[in-house]
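Dear colleague,

I am handing over the structure that we spoke about, with the sequence alongside. Please keep it open while you read the notes below, which go through what was found in it.

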Amino acid sequence: MHRSGTSALTRLLASLGCDLPKTLMEADAHNAMGYWESTEVANLNEAILESAGSSWDDWEAFDLEWYGSTVAEGFLDRAQAVLASEFGDSRLFVLKDPRICRLLQFWKEALDRIGAAPVVVLPVRNPLEVGASLRERDAIDPSVGMLIWLRNVLDAEADSRELQRSFVRYQDVLDRWKSLATRVGSELDVRWPGVSAVAEPEFASLISPSIRHHVLDDAHVHHDPLVSLWVKTVFEIFGRWSGGAVKRADAQTLDSIRSALNDSGPNFSRAIAIGKQAMQQNREYEARIEALDRSTQSLEQAVVSRDRQVADLDEAVRDRDQRIADRDRQLSSVSHSLSERDRQVADRDRRLDSVGKLLSERDRQVADRDRRLDSVSQLLGERDRQVAEQETRIAERDTRIAEQDTRIAERDTRIAELDTRIESLDRTVAERDIQIQAIYESTSWRITRPLRTLNTMLSRLVHGTYRFVSTAVFRVISFVWRLMPLGALRQRIKGPLLRLLPGRFVDRHLRRRRQSNRRYIASDRLQLADRNFDAVNNQGDTPVLFDPEYYLAANEDVRNSGTDPLQHYLAHGAVEGRLPFAVDPDQIDPVIEALHRIDLREDDVFTFDAGLYRDLYPDLAPSTDQALLDHYHNHGRDESRAGSRGEFVLQICDDPREIPLDFKFAEYVGLYPDLGGYAARSPLQALRHYMSHGRWEPRLHTWRGDDGPESRNPERVDLPSELTSGTRPICVLVHVYYPDLWEELAGYLANLPQGTYDLYVNLVETTFTAELERRIRETFPIAKIYVSENIGRDIGGHFRLLQEIPIETYRLFCLIHTKKSPHLAEGDALLWRRRLLNALMGSRELAVENLRLMLTDETVGLIGSRRCRDTKLRENAEKFAELLDLLGVKPDSREVEFLSGTMMYLRREVLQRVFEGCKNLPFEKGDDTPLGFHLDAQWAHAIERVIGNVVRDMNYRFEWR
């Protein structure tokens, strides 16, 4: 096999007395010590492979029908002639060419015809080294190189079984060639005629470990996940054979692998052929680049030559000046002959004119060359500019086409929706007109007219009395409310009071609060839902979506005035159209923007708005503006319906600034399927639900309510000494069941300091794809990736990785996984996952601080999200009790406290104790099971809960983030 040490082995056999061919192949950059093989034999083998439709780097089986063709007989004749010309009447010669591995059957026949008895020496080299060498020499991908190695060694072994043969390790040829020569001679029954003390220095000078450019430990073959099981098995068998340990079953194993390789070849040949074609194209591109580099070097050399010419001209000018000075001195000293002086002066002038002409001609030539160089440079620049402009025009055109298609599709969709709505409204109006006309024309309508008049009079009398009494009662309640101090008491009774009292009273008397008590925080620090969660727990006001740093940076007048940014925004900025935080104005919904910037001090915001009334109450949409106004005055106000923008805002919040500018109706309803009815009724009803209920539950109001991991500059974070010592004390275990969440996890992992951790990734058979593996390798090339069955949920995936890991080499572990929780609303699942991950590595600063704490504080056993702390066993009580006994947890450490979600930093001692005690549990399979099966009562859920008890039992503490 190529690059397997055949040249070194051949040189050793030649030093032991074997004759070499007459026409030796010349050495080159890839084998500086020589190939020691016949050029004629190599050319003949290439012709044979080509005639059979193959080549030296073909890994598919050689066509056995070729041996029965007439072409084969002709090649046998040529082979006899080559053997005779290369080796003559030699009694002991070495025939070497890597292609013989695939053509051994042919050469056995050729040698038999000349009466030669062949014996075989098979070199064995690490296939990873062979693949690396082929990649460097021939730009062959290592995976293809290992297939070529597998094909060559399997064919060579199978076709040489009836011959005397010896397997030798390439490393032994370099390091232990003396003992190797003795063993090979014994196995082949050959006495070496050239063994002597004189030959040893010669061979030692030619063969040394320095000629081995790719050195890898054999263990890499068995631990590298990219090496196939076939390659590992064959290399292990040949390794044993080279040491003399031969098993009977080895030949059967090799035959089965060879048969499987023959059967699988056609399945992958086209893909590999395409890859080889791509590599060939890549070589052509590299050749073109080298040609351009050579052209550039020629131009640079021309410039250097021109500079040398200019320097020579300068030297000639200096010499001329020197000669002129010498002549002047000579002329001044010669006064005896005026005629001679005049002649000499004339001669000098003529020579000076000649020199001047030469200098002018040289200057013209230099100028011409400079102009040509400038012209070439301009042409190159113009070409690059034209290419760039063309690419820009193409990109702009594609963008415009895509935008135009999008606008057309949106317009068509909107037109279709409007047409459908118009048709529906037309039908509804027509039906109601018919009904109303029928009522007006009926006899009962005319007969009951006096009764309706009397009923209206009585209704007004009752409502007038009710308003008088209720106004007096409400004024008393309002007076007591204003006397009540702000704080916990007012917060506790506010909810029940709002539900008990009519909406109009609440709007006018109880909802207004002083803005000076409002606190605020930067909008890019926490999720909106978490900010509301904290505000409720701290019994404070709802924080405003406001970023003071952004507001001051964006408004120079406010920054120069020294005014408090929040107070300025509440008093002036909002109604002036200034943004409270960094948000794209094009992404703000116009309806939300109009409501957010309402100034409740203006009377016009309380003017009846028929359009708003229709949007809020679709059941009244077909009515005219006047009919809507009449309905509002006669019924709507008593039913607490909002007839104006001001009334609507006061019904849902205390201040318009509480409405988040980035609220999206469709995204809010899409996050929570239980809100589908609000989208069907009115988008504004979805906003009412969020402001009245959603923000207190808490729910996300938009996908942008949580941006995932923060991007930080690693140079701003000082790493502790434990992370800069060059070691990797951290092991990160990632279980990927949902491939679409990998990029999100990768974004979080980017916040961990590079070079401080090893990454192990477990994939699941049912969701594994080659595309997923490629995406992981793009981000983390050295990640160790394993594939397992879908057993034991994320705990099972982490346990699968722990079977491959030297646990003792790490100080702490980080466990994360792709969490979707399909039994929850999508928004709740997103919020749960982000809270778990943000607490661990939501930013570079937080990730480094967590690692610093675990590495320096020996009392911390677990770090996790405080919002995911849990104390409920649910359906897991029985298995939880079994695990406490199995792990030997003491009675005083059996209180339930754990991290719900299994994403945490965990000390190695804790994880090792849990793994060693639970690794043999019968984990449940997750495929083809209903959703209810995954909710609780599995071993994985019990292990999730018992981790906290092990932490406490080993005298460690929790650090909740």
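Helices (H or I, at least four residues) and strands (E, at least two) are DSSP runs here, numbered from the N terminus. β1 pairs in the parallel sense with strand β2 (residues 165-169), over 5 bridges, where two strands count as paired if DSSP finds at least two bridges between them. In this pairing, Val-124 stands opposite Arg-169 of β2.

Before going further, please note that this is a predicted model, in which local features need pLDDT of at least 70 and side-chain atom pairs count only at pLDDT 80 or more, whereas totals for chains, interfaces and linings use all residues. Residues are numbered from 1 along each chain as its sequence is written, and side-chain values use heavy atoms, with hydrogens and water left out.

Helix α5 (residues 127-138) has 12 residues, which at 1.5 Å a residue should span 16 Å, and its end C-alpha atoms are 16 Å apart, in agreement with that; the expected span is 1.5 Å times one less than the number of residues. At the start of α5, a side-chain oxygen of Asn-126 comes to within 2.8 Å of the backbone nitrogen of Leu-128, and just after the helix Ala-139 takes a positive phi of about 60°.

Two other residues also call for a look at the backbone. Most residues other than glycine have a negative phi. Thr-902, although not a glycine, has a positive phi of about 55°, and its place is in the loop between β11 (898-899) and β12 (904-907). Asn-955, again not a glycine, has a positive phi of about 65° and lies in the loop between α36 (939-953) and β13 (957-960). Are these two residues buried or exposed? Thr-902 counts as buried because its relative accessibility is 2%, whereas Asn-955, at 70%, counts as exposed (buried means under 20% relative accessible area, exposed over 50% and partly exposed in between, with a 1.4 Å probe and protein chains only).

Finally, 7 strands form an open sheet with mixed pairing, in the order β7-β6-β5-β8-β12-β9-β13. β7 (784-788) and β13 stand at the edges with a single partner strand each, so one side of each is left without a neighbour in the sheet. Within the sheet, strand β9 (residues 860-864) and β12 pair in the antiparallel sense over 2 bridges, and Ile-863 has Tyr-905 of β12 as its bridge partner.

Notes: A polar contact is a pair of N or O atoms within 3.5 Å; within protein, one must be able to donate a hydrogen and the other to accept it, and residues adjacent in sequence count only if both atoms are side-chain atoms.
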